[in-house]
Protein chains: 2
Amino acid sequence: MNEDQLYAMRHSLAHITAAAVQRLWPGAKFGVGPVIEDGFYYDIDLGETKISEQQFNKIEKVMRRIIAEKQEFICSTCPINEAIDWAKETGQPYKEELLNDLKRAGTTRAADLDMSEMGTIASGNSAMDEVSFYTNGSFKDLCRGPHVANTKEVGAFKLMRIAGAYWRGNENNPQMQRLYGVAFATDEELDNYLERLEQAKQRDHRKLGKELDLYTMSPLVGAGLPLFTPRGTILRDLAAQYSNQLRQGFGFEKVWTPHITKKELYEASGHWAKFGGELFLVKSQETSDEMALKPMNCPHHTQIFASKPRSYRDMPVRFLETTTDYRDEKTGELGGLNRVRSLTQDDSHVFARPDQIEGEINSLLASARQLYGELGMELRVRLSYRDSSDRYIGEMKLWQSAQAQLKAAVEANGLYYYEQEGEAAFYGPKIDFMATDAIGREHQVATVQLDFVQPKRFGLGYNDADGQMQTPVMIHCALLGSIERFLSVVIEHTAGWFPFWLAPEQIRILTINDTILEYVDEITSIIAETVLMRPVKYNEIRYSVDVRNESLGKKIREAVSMKIPVQIIVGPKDREACTVSVRLRDGETVLALSDLSEYLRTL
Amino acid sequence: MNEDQLYAMRHSLAHITAAAVQRLWPGAKFGVGPVIEDGFYYDIDLGETKISEQQFNKIEKVMRRIIAEKQEFICSTCPINEAIDWAKETGQPYKEELLNDLKRAGTTRAADLDMSEMGTIASGNSAMDEVSFYTNGSFKDLCRGPHVANTKEVGAFKLMRIAGAYWRGNENNPQMQRLYGVAFATDEELDNYLERLEQAKQRDHRKLGKELDLYTMSPLVGAGLPLFTPRGTILRDLAAQYSNQLRQGFGFEKVWTPHITKKELYEASGHWAKFGGELFLVKSQETSDEMALKPMNCPHHTQIFASKPRSYRDMPVRFLETTTDYRDEKTGELGGLNRVRSLTQDDSHVFARPDQIEGEINSLLASARQLYGELGMELRVRLSYRDSSDRYIGEMKLWQSAQAQLKAAVEANGLYYYEQEGEAAFYGPKIDFMATDAIGREHQVATVQLDFVQPKRFGLGYNDADGQMQTPVMIHCALLGSIERFLSVVIEHTAGWFPFWLAPEQIRILTINDTILEYVDEITSIIAETVLMRPVKYNEIRYSVDVRNESLGKKIREAVSMKIPVQIIVGPKDREACTVSVRLRDGETVLALSDLSEYLRTL
């Protein structure tokens, strides 16, 4: 099945959906019905009548009848004025409007018009004096195709949801009903898709965030500004520690900078002119300072680099800071941890000599591989290079050398990669990391970005062996990206069953009765002395004891619902045998108490 | 020597200073000359003539002559109109202005006038129809006294500095010259004071901050917004870790909240009405949200407490967050780390049942004692209670019980304390901690503050054993206070010679020549595996190696100037004997290499 065939199937299903709606509600007026990712939709105006999800079954039944009827899709063309008459006669004012717009556009190619919402209706005839129709059974639609041969060939589908949508996306226009469907070539593919969707729903980090008590939102604090509970804060801290420890192993040093700055810093960096309108502005009531919340940390870090003279022997200088940046997103775009206004970055900046780029990239790639590998996520990288246009800043020689060093480092790390010319930022080439999660979704995570511009703008320099001032290259890198987004990915990737080292509550001891409390003390003192050293160093075990006078079944159910990775069940028999019964997600095992600490260290 | 006597001595020295200035510059016009902490000043108008510090010797010489003359201080009184005539005749326009103001004020008591700058001149006669003068030798001054009997009795003094000062503090008035002196009862006390002052200058954290490369300021970022270098960041992190580890031992859990909030949060807490004009306001360009940078964290933390139902069994709930607050100080008041606009607090909030107050305070006091004790600073606490007025919120019974619990906890911890009625905040009693540094200065550091109001305003509650909703008490506590201010105190207290566990660079290995590099590797591998466990757990040793081809003397000088607490000197003899020469600040010792790790752990 190639992409074009699947496109034709989905497109044909849009027509079949409209045809079914027309059979059920003969007065239906239609807008547009394009193909989208995984399926299609059709915009429909039924006047006062509202389609509900309960009616999907009824619509799907009619669709299946149309499919069973094996109706041929027949193409025809006619002059645009005839088409307008057809729209008038059949009572399709939206089609009439589109046709009139097309007519007005005259010989202009449809692609040049801002008519993206017209999707399927642009005629194949570039002169626009004729338009094409497709007819199946009694349903005729203005359409440029392509379609499958007949309605039998549309594969598997399912109507998914109905939502309001203004005609042509303009809120001054009438509101239509947008009926969404998904469609795949085979039932198996559709089932897989629906299964993944169901899994994604179960794994939704907003749902799990609440169930596992990881973070909360407060309307008093504001949208996109999550507050992290003790459990969620453990996740944040461990993720940041891991990311930091990896880089500290390569000589990165932590620094600290404030969250605000005078706008002069961003005027110097060039960000003010480019992003000034997207910043949270900060108003001092005591001074005349014009300030902003930092949306990134590089300009602040340049000021630490610039705070003393540097020699070529000091290079590279590597700064690391986990700090919160603020970006003024539209509140409509905010949801859960995926997109927030307070994003904490595990940010780092290397100030390097040009000949040191490859070595530094190597360390960063090794760190990223280890981090995502530990979480069982596969990494894929995109190398974004410059093209031959003149919109890039910095010498061509420097770019070419840097791009070659990036590629060499990616290859040395055995990472799957692809290269894209023209995708670099104007200030330097970069590497983007994509991680694949447990249900096959790809997420953009870390980036490594070279920067030839900021060091120049801030006048940074180091003395070379001859005492000449040279300009360093900056390498921006965040391994987690935004910790909030990273956690949203990890929560959904693991479905809340975090790996042992990361789980906010790693162990819960469940007592069978209260005759063994002294033995429980023995167990907890062993656990309290156990410190994990990998992947994060000095990771003390987090445990609790459930000694309530409740049934073991209830205690286990609660521990499972909180997704505690290790449940230790203790009863009188365990005490007598000096053992512990360890219940993991995938089975149970009995250990000698003396082996517990070592066992936990290898989990 | 009691305070009154010392006051009279300093006050008399102010007159003697003015008398000496009058002898040297007969046209001098005088403002006021009050006693201040450690001494006195006098405001003088010499027209175009400017006194420089080079002339202090000359002035002091005349002062000593006046002292040697053993002039009596003679008190006299006269009607206010005669005094005005005297001021006119002697060409003292400032005195004349003060007298006219006094006259206008009529029978009103001087204390009721906003004439604090008039300091010493208010007459003892409350009816203000007569004023008093003191005369010594040929110098006569409007003055209420008291003075010593004669100029011989003034003790030891020294002129310190000269600064511009607007007459009566108003910048529209003429600028006078303010001549400052310090004075003590004995030469020894003065010497001690000057010695302490010199030490304080040597210890100035702004000077050491630069020399030891701890932090930097950038005019592009703004005043009061320090940026911490790698060395300074180590200090910050270790201080915060220590403070957190102490409280985590008592069940505190870390949380995380954003640095901004909608103003609705502070409207609910009541802070908006009270402090709205002192906040950094944050303007969203994408939404209509009215926001602010948080100046404290309690309102944010209430939202986490409120995020789920709580039972009396869950109490107390203890949140801990090291986070940066922003306060919009006037830039003129900013200097070094002492007063910043970005202040990072090791903040914590306990939500407790009223009967749990004492236990919680106990834990916090024990933590504070350990922390400041570790730094060799003595703690003194002030207990601030309510008085019987009605400006306090919360039931009297709750206040009395809480105050008794505070006192019991302070006594149980054996802390030196004093009590002050009427010093509590309107929302609850509190404990302030004062720490004394190595040169005898006292600094306000931690606070523990009870709060009966915010839990009510936010409608916080927990279910008691009967299922009734009860309101918790909040206990605010920061052990370090602001980390920036804490570091300024620690830097000056230690003069930059940080205790071993805290030093940014703990060990520097200095090689005698390059024949022993392999032996150096042996040493560093031992150091790299040594992890300190107290006072901060998991504190990996920070070391460097100076293998430069420089003389040992130069290497030592540089290590000493960076105040590296442990310098290990390695030469061929050490390698042969398998020893290391350890150079501490207070002496040198030779160790077997095999004892090095244990030695470092006990430093």
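Two strands pair if DSSP finds at least two bridges between them. The views below come from a predicted model.

**View 1. Strand 5 of chain A pairs with strand 6 of chain A.**
The pairing is antiparallel and runs over four bridges. Strand 6 covers residues 139-142. Within this pair, Phe133(A) stands opposite Leu142(A) of strand 6. The two strands form a hairpin with two residues between them. Gly137(A) takes a positive phi near 60 degrees in this hairpin.

**View 2. Strand 4 of chain A is joined to strand 5 of chain A.**
Strand 4 spans residues 74-79. Six bridges link strand 4 to strand 5, and the two run antiparallel. Here Ser76(A) stands opposite Phe133(A) of strand 5. How much of strand 5 is buried? Five of its seven residues, 130-136, are buried, and the strand is mostly covered.

**View 3. Tyr193(A) sits in helix 5 of chain A.**
Helix 5 takes in residues 187-203. Is Tyr193(A) buried or exposed? Its relative accessible area is 12%. Buried means under 20%, so Tyr193(A) is buried. Leaving aside neighbours within four places in sequence, Tyr193(A) is in contact with Asp38(A), Val182(A) and Phe184(A). Pro295(A) lies 102 residues from Tyr193(A) along the chain. The C-alpha atoms of Tyr193(A) and Pro295(A) are separated by 37 Å.

**View 4. Helix 3 of chain B packs with helix 4 of chain B.**
Helix 3 holds residues 80-89, and helix 4 holds residues 93-105. Their axes are 9 Å apart, at an angle of about 160 degrees. Angles over 145 degrees count as roughly antiparallel, so helix 3 and helix 4 of chain B are roughly antiparallel to each other. Their crossing is left-handed. Helix 3 contributes residues to the contact, including Ile80(B), Ile84(B), Trp86(B) and Ala87(B). From helix 4 come Lys95(B), Leu99(B) and Leu102(B), among others.

**View 5. Chain A can be laid on chain B.**
Two copies of a chain are related by a rotation about an axis and a shift along it. For chain A and chain B, the turn is 179 degrees and the shift along the axis is 0.0 Å. The RMSD is 0.3 Å. This is therefore the relation of a two-fold axis. In chain A, the C-alpha nearest the axis belongs to Val282(A), 2.3 Å from it.

Terms used
Residues numbered from 1 in each chain as written. Chains lettered and ligands numbered in written order. Predicted model: local features only at pLDDT ≥ 70, side-chain atom pairs only at ≥ 80, totals over all residues. Heavy atoms only, no water. Buried < 20%, exposed > 50% of the residue type's maximum accessible area, 1.4 Å probe, protein only. Least-squares fit on C-alpha atoms with pLDDT ≥ 70 in both. Axes fitted to C-alpha atoms, helices over the stretch in contact; angles between N-to-C directions. Parallel < 35°, antiparallel > 145°, perpendicular 65-115°, else oblique. Left-handed = near helix turned anticlockwise from the far one by under 90°. Contact = heavy atoms within 4.5 Å.
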